[in-house]
Amino acid sequence: RSLCTVVCKWTYTSDGGWDDTFWKTIGLEDLVKDKYEKIGNHVLSPGEPVGKGLTPEAAKDLGLPEGIAVAASLIDAHAGGLGVIGADVKGHNLPCENQPITSRVAMICGTSSCHMGVSETPIFVPGVWGPYFSAMVPGLWLNEGGQSATGKLIDHVVRGHVAFPELQSKAAASAHSIYTYLNSHLDLIKKSLPVGFLTVDLHVWPDFHGNRSPLTDLTLKGMVVGLTLSRGLDELALIYLATIQAIALGTRHILEAMEAAGHHINTLFLCGGLSKNPLFVQMHADITGKPVVLSKEVESVLVGAAILGACASGDFASIQEAMAKMGKIGRVVQPNHEHKR
């Protein structure tokens, strides 16, 4: 078993193991029987080699040589965090340079989003999952904030709008994705204003699928304030912008809760599908007031998995060393502090 999974999802601790009273309380005491035979009690840290490497059967199925090192795994978002959070930032003039890794938060943004922050001592943040010891970076405590619907929400708002067919045909005619087209359309209608100011009287509350962090209220619903009778592409572009801003404000809400509890965060590291959208990235920088680092490799979850493999094979002595060598910075997006105001 991976320590990451059993700690984050199964109330296991690296020093105390399984919590028998928990299983009994919820009526699953049969899982405790025979030294936890059903759920396993051989737990390894992520990146530790498993068994004797790839078995003959698995090697045959995958077309790989048998015995290749196999590493204990991480949960997907945690692998993404590992793939970006430890990158070497020298020479990029970032506030986290020469600071411990605890000054960074990794955001894995796709259908939903995760906000991963680490600390040297356990920090309890109301509404944020954790702290989990050694669940992502060995020896550090992990806190995990999250938003249940982000990429999914943007898609839902855009595709559900009456002007969507018009957007689709115009984007296709210009050979751009619908989001690239919307971003350039916003530039067109903003004239001399900063783009963020277009939504001065249009506001979205983004919890269409409840709020995971920091309010932890699954009954919350979404809301839009400032609708008009307009039905055109301009209106669609504005509600798209307001939705992205709402998601970024949700991120700020999570970061503020983490900071109030004792985290000291100065830099965001973004990966995942939404990090390909420059408007999404700029709004996160402007609204949080923190620089955003984009990974050279967008699929940072795969980088995280590769880091684990490279540790299991003995190519690196530690996860920290592998993170610094294998995580590469692609671009840095600075916040505009005027716009934050």
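Modeller: Let's start with a cut-off: a residue is called exposed when its relative accessible area is over 50%, buried when it is under 20%, and partly exposed in between. Keep in mind that this is a predicted model.

Colleague: Okay, what makes lysine 191 exposed?

Modeller: Its relative accessibility is 67%, and the cut-off for exposed is over 50%, so lysine 191 counts as exposed. You'll find lysine 191 in the loop between helix 8 and strand 5. Its phi is near 55°, a positive value in a residue other than glycine.

Colleague: And why is threonine 11 called partly exposed?

Modeller: Threonine 11 comes out at 34% relative accessibility. Buried would need under 20% and exposed over 50%, so threonine 11 counts as partly exposed. Threonine 11 also has a positive phi, about 55°, although it is not a glycine. Look for threonine 11 in the loop between helix 1 (3-10) and helix 2 (20-25).

Colleague: How do you know which class histidine 156 belongs to, buried or exposed?

Modeller: Same test. The relative accessible area of histidine 156 is 52% and the limit is over 50%, so histidine 156 is exposed. This residue is part of helix 6.

Colleague: Why do you say helix 5 is largely enclosed by the rest of the structure?

Modeller: Because nine of the ten residues in helix 5 (residues 76-85) are buried. Buried there means under 20% relative accessible area. Among the buried ones are His78, Leu82, Val84 and Ile85, along with the glycines Gly80, Gly81 and Gly83. For the whole chain, buried residues make up 49% of the 341.

Colleague: What makes a group of residues a nonpolar core?

Modeller: They have to be buried residues of the nonpolar kinds, joined through side-chain atoms within 4.5 Å. The largest such core here has 53 residues, and Val158, Leu167, Leu186 and Leu270 have the most contacts inside it. Contributors of at least two residues each include strand 1 (104-109), helix 6 (151-159), helix 7 (164-173) and helix 9 (233-261). Helix 9 gives the largest share, 16 residues. A second, separate core of 49 residues includes Trp23, Leu74, Cys114 and Ile329.

Colleague: Which residues does valine 158 contact, leaving aside its neighbours within four places in sequence?

Modeller: Phe164, Leu167, Ile178, Tyr179, Leu182, Leu236 and Tyr240. In soluble globular proteins, nonpolar side chains tend to be buried together.

Colleague: How do you know the radius of gyration of the chain agrees with a compact globule?

Modeller: With 341 residues, a compact globule would have a radius of gyration near 20 Å, and the chain has 22 Å, so the two agree. Along its principal axes the C-alpha trace spans about 65 × 45 × 45 Å. The chain has 13 helices and nine strands. Of its contacts with a separation of 6 or more, 67% are between residues 24 or more positions apart.

Colleague: Which peptide bonds did you flag as cis?

Modeller: One joins glycine 130 and proline 131, with omega about -5°. Another runs from serine 213 to proline 214, with omega near -5°. Proline 131 is in strand 3 (residues 129-133), whereas proline 214 sits in the loop between strand 5 (203-205) and strand 6 (223-225).

Colleague: What about the surface and the charges?

Modeller: The chain exposes about 16,700 Å², and carbon and sulfur atoms supply 57% of that. The mean positions of its 27 positive and 32 negative charges are 4 Å apart.

Technical notes: Residues are numbered from 1 along each chain as its sequence is written. This is a predicted model: local features need pLDDT of at least 70, side-chain atom pairs count only at pLDDT 80 or more; totals for chains, interfaces and linings use all residues. Side-chain values use heavy atoms; hydrogens and water are left out. Helices (H or I, at least four residues) and strands (E, at least two) are DSSP runs, numbered from the N terminus. The radius of gyration is taken over C-alpha atoms; the globule rule is 2.2 Å times the number of residues to the power 0.38. Buried means under 20% relative accessible area, exposed over 50%, partly exposed in between (1.4 Å probe, protein chains only). Contact means heavy atoms within 4.5 Å. Accessible areas come from the Shrake-Rupley method with a 1.4 Å probe; for residues, only the protein chains shown count as cover. Lys and Arg count as positive and Asp and Glu as negative; His and the chain ends are not counted. The place of a charge is taken as NZ of Lys, CZ of Arg, CG of Asp or CD of Glu.
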